[in-house]
Amino acid sequence: ISGKPVFRWDYGSYFSLPNDRLMTYEEAQEFGERVKMREEDAAGIILQNAHERIGRIAFFTPEYWQGTNSNIIECATPTDTVNAYRCSPIVYSKYCAYSFWPRSSQYVFGCGALLDSEFCINCYHSVKLRRCVECDSCRDCADSMFCHNCENVHDSMFCFNVKNKRYAIGNVEVGREKFLEAKKTLLDWINKQLEAKGALALDIYNLADFKSKKR
């Protein structure tokens, strides 16, 4: 309503809020202290007339800031966070970008609902990951790529629905030497794709249907 930019993300029905009823977080805090309903209007509210009575105060903010935040750029809802770019909500985290709901995490990029994790790229719905890429629904995993629904899996790739694996490819433990050889091949391919196209056609969600010759 003031013409200032307001940041909102597409969750929690924030996109359903009418544009002409939006405020920044600071504006909403000041507005709520200053503007009130009349006592007689508040006392007479029923479902049939609520929309008419609350018009004076019914403004919304899709932003909130809690705790101590520093160097927060285009993040609508940070809590005790440092150095974040385009993340929301983001809680108890630092050095994160382009992520949805990183919590107690650091150095995570392109992730969604990632908790207690660090140094991850494109990881989702996971807890306690370390140095992982394209992992989904995993926990207590490290140094792994393209894994789904794994627990306590380390130094592995292309694993699904398994626990307690190390140096595994496709759920089969192959040993450190063969794993590092395969990892180098995969990383070389990834680097070439990124240099040529700036993105990967392959991700954890399309892995089963991926055809390299068509990409």
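I am working from a predicted model.

**Entry 1: aromatic pairs**

I searched the whole structure for aromatic pairs and got 10. I looked up Phe31 and Phe59 among them. Their ring centres are 5.1 Å apart, and the planes make an angle of 70 degrees. I noted the pair as edge-to-face, because the angle is over 60 degrees. Next I checked where the two rings sit. Phe31 belongs to helix H1, residues 25-34. Phe59 is in the loop between helix H3 (50-53) and strand S1 (70-73). The two are 28 residues apart, and the pair links distant parts of the chain.

Phe59 has 25%, so Phe59 goes down as partly exposed.

**Entry 2: a second pair**

I turned to Tyr95 and Tyr107. Their centres lie 4.8 Å apart with the planes at 5 degrees, so I wrote down a stacked pair. Tyr95 is in strand S5 (residues 94-103), and Tyr107 is in strand S6 (residues 106-109). The pair therefore ties together parts 12 residues apart in sequence. Tyr95 is partly exposed at 35% relative accessibility. Tyr107 is partly exposed too, at 29%.

I also found one aromatic cluster formed by Tyr11, Tyr14, Phe100 and Trp101.

**Entry 3: arginines over rings**

Which residue lies over the face of Phe59? I found Arg21 there, 4.4 Å from the ring centre. So Phe59 has an entry both for its pair with Phe31 and for Arg21 over its face, within the 6 Å cut-off for such a charge. Arg166 lies over the face of Tyr167, at 5.5 Å from the ring centre.

**Entry 4: nonpolar patch**

I looked at the surface next. Ile45, Ile54 and Ile57 form a nonpolar patch there. Together they have about 190 Å² of accessible area. I placed Ile54 in the loop between H3 and S1. Its relative accessibility is 32%, so I count Ile54 as partly exposed.

**Entry 5: Lys4**

Last, I looked up Lys4, in the segment before H1. Lys4 is exposed, because its relative accessibility of 52% is over the 50% cut-off. What does Lys4 touch, leaving aside neighbours within four places in sequence? I found contacts with Thr24 and Glu27. I also took the C-alpha separation between Lys4 and Tyr98, and it is 23 Å. Along the chain those two are 94 residues apart.

Notes: Residues are numbered from 1 along each chain as its sequence is written. This is a predicted model: local features need pLDDT of at least 70, side-chain atom pairs count only at pLDDT 80 or more; totals for chains, interfaces and linings use all residues. Side-chain values use heavy atoms; hydrogens and water are left out. Rings of Phe, Tyr and Trp (its six-membered ring) pair if their centres lie within 6.5 Å; planes under 30 degrees apart count as stacked, over 60 as edge-to-face and the rest as tilted. Helices (H or I, at least four residues) and strands (E, at least two) are DSSP runs, numbered from the N terminus. Buried means under 20% relative accessible area, exposed over 50%, partly exposed in between (1.4 Å probe, protein chains only). A charge sits over a ring if NZ of Lys or CZ of Arg is within 6 Å of the ring centre and within 35 degrees of the ring normal. Patches are made of residues with over 30% relative accessible area and no salt bridge: like charges are joined within 9 Å, nonpolar side chains (Val, Leu, Ile, Met, Phe, Trp, Tyr) within 5 Å. Accessible areas come from the Shrake-Rupley method with a 1.4 Å probe; for residues, only the protein chains shown count as cover. A salt bridge is a side-chain nitrogen of Lys or Arg within 4 Å of a carboxyl oxygen of Asp or Glu. Contact means heavy atoms within 4.5 Å.
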